[in-house]
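Me: I would like to learn how to read a sheet and a helix pair in a model. Please take the general idea and then the case.

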Amino acid sequence: MILIVIILLVLIIAFLMIYNMSIHKKIQNFNNLSQKITSLNVLQDFMNTISEVTSTDEKIKKINDILIERYQIKYSTIVIYNGVDYAIKASNVDTKHWDTLKNLQNEEIFKDSINTATPKYITVEKEDERLPYQKMEFGRAKCAMFFPLYVENIYIGYWIIEGSKPHEFDKIDTTLLEVVRNNIVSVLKTVENQQVIENIVRDDKFSGLKSAEYLFGEGKKIIDNYTTSTVCLFKITNLEEINQTFNRETGNQIIIETSKLLKENLSDEYIFVRYMGPKFAIIFSGIEINAVANFMKEMKQKLEEIEIEVELKTTGRGKKKVSVAKPKINMVVSTYYKRTALEGLTKKLEEYLDGAPKEENTINYL
C-alpha cells in the first residue's frame, strides 16, 4: 500500500514537473513573441518618425524616446560623429554626465567593440561598484550595453543603453537589440540627406529670399500641414538678355523689384523662394489651383509692368539716352499632394520652363 502511494506521488511529481516545464516553455515563447511584436511596433514607429515633418535632431530624439518607452530602458544615449567631434544627438541622462558619455570611444573597454563592430555588455557585481567608464558617479548605472554604429563599414558613433541594477540585461534578447541597432542606422542614413539640405539653406543676396533648399526642409514642414497645395514656378525669361543689353546691375535690380512686389502681395503663410537664377517658386499652402488662378494673372501683369530706367551713353557730344528694362514672365502651376516628392514636382516644372520657347509668356497648368 505504501509502495502504491509512493509510486502515485512520484507520478504526480513527475507530471507537475513536466507541466511546469511546459508552462515555462509557453511563457518563454510568449515573451519571445511579445518581444518580436514590440520590435515590429518599434520599427513601425521608426518609419512614422522618418516621415514626420520635423528636423533631423527632433527625429533622432523621438527615436530614442521610443526605445526607452517600448523596451523600458532606464537610460539610452545616441552619440554621432559630426565630422569634427562626437556629439550627443539624444539622451535621457542628466546633462552633467554628457562629457563622459560622448567620449566612450576613448575608453579601453569599448575599443575592441568598435574595432570588431560587435556589442559590448558590462555590469557590476555589487551595488557599491561602478562601471569602468564612470568617473564621479556611483548610483546612476550598474550595467550597460554598447552598440557601435556603422554606415557602409564606416564607424559613425554608438548607441549605449544603461540599467540601474547589476546584471539587468543578462536575459535581454540581444538579437532583437541588434535589429534595433540596425534600424537606428537606417534612420540615420535616411535623415542624413535631410540634414545636408537643412545645413545648406542660404538667403539670396539680391532678392532677400531663401534658397530652393528651404523648400525641402523647413518649408516642407509648413506645406505638409495641408493635404494639397499649389506650386507655382516662374521664370524671368529675358533676364539674360537684360544683363547683356544693359548690364548685370540692371538685371539684379529686376530681381530685387520682382521679389519686392511679390513679397508685398503674398501672405506670410505662403512660401516664396528664389529657386535658381531667373527662376522663383511660390507655394500656396493648403490652396487649390483655381483659388490662385486670378491672383497669378494679376501678379504676372504687375510684374511685367516693372520698369527700370537705364542711362545709355551715346556717341557725339556725350549725351545720355534713357532706356527702360522690363521683365517678361513665364509661369507654370501644378498641385502638390502631402508627403509626395516635392523635389520631383518642382524639377518637372523647372524642366518645363527651361524647355519652353523663349518667346512663351503665359501661365501654364500641369
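Predicted model: local features only at pLDDT ≥ 70, side-chain atom pairs only at ≥ 80, totals over all residues.

Reply: Residues are numbered from 1 along each chain as its sequence is written, and side-chain values use heavy atoms, with hydrogens and water left out.

Me: In what order do the strands of the open sheet lie?

Reply: Strands of a sheet pair through backbone hydrogen bonds, either parallel or antiparallel. Here the order is 2-1-5-4-3 with antiparallel pairing. Strands are DSSP runs (E, at least two residues), numbered from the N terminus, and two of them pair if DSSP finds at least two bridges between them.

Me: Which are the edge strands?

Reply: Strand 2 (86-91) and strand 3 (120-123), each of which pairs on one side only. Strand 3 is joined to strand 4 (residues 143-151) by four bridges; Ile122 has Ala144 of strand 4 as its bridge partner.

Me: Which strands does helix 4 touch?

Reply: Helix 4 (residues 108-116) packs on the sheet and touches strand 3, strand 4 and strand 5 (154-163). Helices are DSSP runs too (H or I, at least four residues), and contact means heavy atoms within 4.5 Å.

Me: At what angle do helix 8 and helix 9 cross?

Reply: Angles run from 0 to 180 degrees between N-to-C directions, and axes are lines fitted to C-alpha atoms, for helices over the stretch in contact. The axes of helix 8 (residues 248-265) and helix 9 (residues 289-303) cross at roughly 145 degrees and come within 10 Å. Helix 8 contributes Thr258, Leu261, Leu262 and Asn265 to the contact, and helix 9 contributes Phe295, Met299, Lys302 and Leu303.
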